[in-house]
Amino acid sequence: MENFPFHDGSIYDMLDTRHTDTRPDVNHSLQMHSSLVRRLSQERELEGHQGCVNAISWNSKGSLLISGSDDTHINVWSYSSRKLLHSIETGHSANIFCTKFVPETSDELVVSGAGDAEVRLFNLSRFSGRGLDDNAITPSALYQCHTGRVKKLAVEVGNPHVVWSASEDGTLRQHDFRQGSSCPPAGSSHQECRNILLDLRCGAKRSLADPPKQTLSLKSCDISSTRPHLLLVGGSDAFARLYDRRMLPPLTSCQKRMSPPPCVNYFCPLHLSEHGRSSLHLTHVTFSPNGEEVLLSYSGEHVYLMDVNHAGGRAMRYTVGDASKIMSFTPTLNGLELQPPIHDFLQTNIRVRGEVATGLGKCRMLVEIARNSLEEGKHPYYGIEACNEVLEGHLSGIGPMLRHECLCIRAALLLKRKWKNDAQMAIRDCYNARRIDSSSFRAHLYMSEALEQLCKYKEALDFAIAAQCLDPSNSVMAEKVENIKKHIAAAETEKNNKANDGGSRSEPRTGRVLSLSDIIYRSEANSDASQDGPRSEREDSDYDEEVEVDFHTSVPGDEGRDVEANFLHGSLNVRIHRRGDSARETVDANGSSGSPSSSSQNDRIPYQPETVIDMKQRYVGHCNVGTDIKQASFLGQRGDYIASGSDDGRWFIWEKQTGRLIKMLLGDEAGNVISSMEECGLLLYFSILILSN
């Protein structure tokens, strides 16, 4: 597949036309051409840390790089000399998870957040005249008000006075250097910090239909560089949240838990919004350089791109019930538009519209490549990428019939590949194909197969019968219908047997106390640890019970802090409920219910689920399971590419528009790649400066 074309064409064609091309962004297009990105290679490994590198960040000019590590040191590197300039002994007592240059300070102020729940500010000018080994300096500011690990810091372009910190204690705090250089430990009696900008200690949602009740352990946050009032956060559930800082209430203290404030937008892929899995959570969220898009990276999942849609743009919105709507058979479709309408692309891609004739021939060639991949039994990956190139890179240049053909082929290839959530993506394609041709046999057939893979047998039967009606002479469809009916009968029998067994054991179970091992093993049985086995395929089936076990470790907090105790407190949360229950009771080992003070009033008001913005692209191939700090980033001045670290020691680069994987770079054979450089030494790649500035 070496000759597989990219949508931006050949670098030689661009060089030939650069003198006649009048577009203002021609130099940018040359800089970020796919052929140049594919030539990225390792330039230097920077050695200086004694532990895993968890965070890296450039200064505004791209001349300095800062890194934070498990060794509790902050290292500052020079890009031009590739040398270590400073190594700060921070005084943190746990792993450093985040570090940043404070803007507009001549790169003299740096800030760090760590697992000891502290945020520390350092002035690099204090190193003047010192040797490299003399690395112990007193922090210029020390903030100890968090009660959980600090996972992410955010700064505002042009603002040298404020830094924001997101913590697993469920709060996002605003630290203003002008109002004080320190704050006491959380729970101190003589002072209470009023710096909580977002209180999400009662903000986590199990699914879209559920009201927020549990603590949202924040894992990531970001501030838009183009509209600094916009704040994006993500944490221990499936939903990223966009807030307007101008609309948030005044800063508060942690004395009383508050109901979560309303946000501007929720972001979550449609197929993840109703899973209800406690293990599903975000590890990183970030804005695009122009602030019009956001990128979400999930633990045990993929990376997703979404529109901010602040002014009612093309992004598809959904609410409760829409996920099941696209899986339900209706003869006529008037539902969701899961793909942007073609006229939007025609308005914003005038140059592409003028090259429709050339693009159409290329699209037909790509569709033929995908069709051959399906018919010849080759690995479906390249066929899927060929379809992505047509549907995402040339949508304005193809007609409805070619689009329908490409959607059906991609759905079939996705069902053949069977990667995580490929069946869900196939359902999207079949739904869009049926919007083009409601009597499409293949769209109904592949929809039935996708629902079968998800164990949605009743819905699969409806589409199989519809496909059979569209092609009555097809003997394969008759056999498929009978097989699905057998699955449904077997499921009903199993359900009845479980009900009978439960009834016969109901009396002795009333006095039984579950041991911790019982709970853990039952919890593991319902988990999605296996991504490819039958357990993951049954995530959406009709299980009656779920058991959750959460062990949360935090720095002593609101309940008071023993200044002489040098250990972390833990709490065990056990939740046993039936799937579909809207009210979930939480039993805390510490005896607290964790409800906000106004919960009694809120419980009387029916909960109205939010409207959520759906994905417009996903990026697959990497693995994000080993850590909960794995990042995904936009590359380039305009974010034309997406990059992410991976548990296999590599970092991946995709084309943003099509989702095509165009480069894998080896980071560290021994460990996880957190971002673009990796542990126990930084791997510096050629053109990193160009991609970051």
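Residues are numbered from 1 along each chain as its sequence is written, and side-chain values use heavy atoms, with hydrogens and water left out. Because the model is predicted, local features need a pLDDT of at least 70 and side-chain atom pairs count only at pLDDT 80 or more, whereas totals for chains, interfaces and linings use all residues.

The secondary structure of the chain comes to 18 helices and 32 strands, where helices (H or I, at least four residues) and strands (E, at least two) are DSSP runs numbered from the N terminus. Of the 693 residues in the chain, 53% are buried, a term that means under 20% relative accessible area, with exposed meaning over 50% and partly exposed lying in between (1.4 Å probe, protein chains only). Among the contacts in the chain with a separation of 6 or more, 62% are accounted for by residues 24 or more positions apart, contact meaning heavy atoms within 4.5 Å.

Two packed helices are described by the angle between their axes and the distance between the axes. Axes are lines fitted to C-alpha atoms, for helices over the stretch in contact, and angles run from 0 to 180 degrees between N-to-C directions. Helix H9 (residues 400-417) packs with H10 at an angle of about 160°, their axes being 8 Å apart, and H9 is therefore roughly antiparallel to H10 (angles under 35 degrees count as roughly parallel, over 145 as roughly antiparallel, 65 to 115 as roughly perpendicular and the rest as oblique). The crossing of H9 and H10 is left-handed, meaning that the near helix is turned anticlockwise from the far one by less than a right angle. Residues of H9 including Leu407, Ala411 and Leu414 meet residues of H10 including Ala426, Cys430 and Ala433. The residues of this contact of H9 with H10 divide into 12 nonpolar, 2 polar and 5 charged, where Ala, Val, Leu, Ile, Met, Phe, Trp, Tyr, Cys and Pro count as nonpolar, Asp, Glu, Lys and Arg as charged, and the others, Gly among them, as polar.

Helix H10 (residues 422-436) also packs with helix H11 (residues 441-453), at an angle of about 155° and with the axes 9 Å apart, so that H10 and H11 are roughly antiparallel to each other. Among the residues that make the contact are Ile427 and Tyr431 of H10, together with Tyr446, Met447 and Leu451 of H11; the contact divides into 11 nonpolar, 2 polar and 1 charged.

Among the strands, an open sheet of 4 strands has the order S2-S3-S4-S5 with antiparallel pairing, two strands being paired if DSSP finds at least two bridges between them. Strand S2 (53-58) and strand S5 (83-89) are the edge strands, each pairing on one side only. Strand S3 (residues 64-69) is joined to strand S4 (residues 73-78) by 5 bridges, and Ser67 stands opposite Asn75 in S4.

Strand S29 (residues 641-645) is largely enclosed by the rest of the structure, because 5 of its 5 residues are buried. Strand S28 (residues 632-635) pairs with S29 in the antiparallel sense over 4 bridges, with Ile642 as the bridge partner of Phe634. S29 is also joined to strand S30 (residues 650-655), running antiparallel, by 5 bridges, and here the bridge partner of Ile642 is Trp654.
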